[in-house]
Amino acid sequence: MELEKLQEKGIDRIDFIKKIDPEIEKLFVEKYKKLCISGLTESFFIDLEIFEKLVTDHQNKPFCKFYFIQEGVSLNLGLSFSDNEDCAIKIKKLDDDDVLYVLDTKLIKKDFRNMKMDFEKGIGAKLPIHPGNKKDTLISYPLKDINTYLQDMKESYPSIYRLKFNMWQYCPTNIDMRLAAEFTKRNNRISFCVHALFNKSENLFDEAAGYDLGNLRP
């Protein structure tokens with residue numbers, strides 16, 4: 001029933017809690033790098049402590065949404081905690097408004113609506129068009145999924161200190177036959193996968209496997 005509702009809304013979804021095959025990640029990351037569009041950022045980092053605090057502070061908002069924005073000439077990410085799944089950003093100084101943050105060295109509370117438009121007119125306008133004529137501006141998922149992911153990662157890797165987001169571009173692949181059709185549907189769309197970075201020893205760090213965030217919109 002949930003999947004049917006998502007399909008009716010035109011929401012493209014792979015479960016948030018899905019480990020991605022390293023070969024698939026490498027393929028998608030390389031495809032993204034070959035776009036050769038000025039300003040494309042390859043990876044983003046968020047300190048776990050800061051991100052966890054924001055998630056905890058906004059438990060009353062059931063959805064968490066990442067927007068592609070353009071800051072200056074570079075691709076950046078805007079983060080929204082929201083009461084709804086809608087693409088439109090809701091800000092009217094009411095209790096049910098979206099709460100917006102821009103990814104910088106930290107997550108800075110800031111209205112990024114103009115940056116979202118800059119992306120759509122700038123870098124976004126140069127990206128290949130998805131077969132369904134969809135431009136990627138938003139990645140959305142329930143906040144409970146993020147809580148589950150963070151809890152699972154902390155149990156497996158108690159010394160996590162940061163999250164790393166690798167940008168990629170979907171393309172058809174038969175590496176994982178279960179997802180071949182889903183990846184074909186996403187052909188040319190940009191998204192990212194997330195890795196938990198953790199301390200392996202006093203002077204060494206490592207990163208956990210990547211997880212596909214999926215759920216691209218519109």
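Me: Why is Phe68 called buried?

Reply: Buried means under 20% relative accessible area, with exposed over 50% and partly exposed in between (1.4 Å probe, protein chains only). Phe68 has a relative accessible area of 2%, so Phe68 counts as buried. Bear in mind that this is a predicted model, where local features need pLDDT of at least 70 and side-chain atom pairs count only at pLDDT 80 or more, while totals for chains, interfaces and linings use all residues. Residues are numbered from 1 along each chain as its sequence is written, and side-chain values use heavy atoms, leaving out hydrogens and water.

Me: What about Phe192, buried or exposed?

Reply: Phe192 has a relative accessible area of 0%, so Phe192 is buried.

Me: What makes Phe66 and Phe165 a tilted pair?

Reply: Rings of Phe, Tyr and Trp (its six-membered ring) pair if their centres lie within 6.5 Å; planes under 30 degrees apart are stacked, over 60 edge-to-face, and the rest tilted. By this rule there are 15 aromatic pairs. For Phe66 and Phe165 the centres are 5.6 Å apart and the planes at 55°, so the pair is tilted.

Me: Which parts does the pair of Phe66 and Phe165 tie together?

Reply: Phe66 lies in strand E2 (residues 63–71) and Phe165 in strand E7 (residues 160–169), so the pair links parts 99 residues apart in sequence. Strands are DSSP runs (E, at least two residues), numbered from the N terminus. Both Phe66 and Phe165 are buried.

Terms used:
Helix = DSSP H or I, 4+ residues; strand = E, 2+ residues; numbered from the N terminus.
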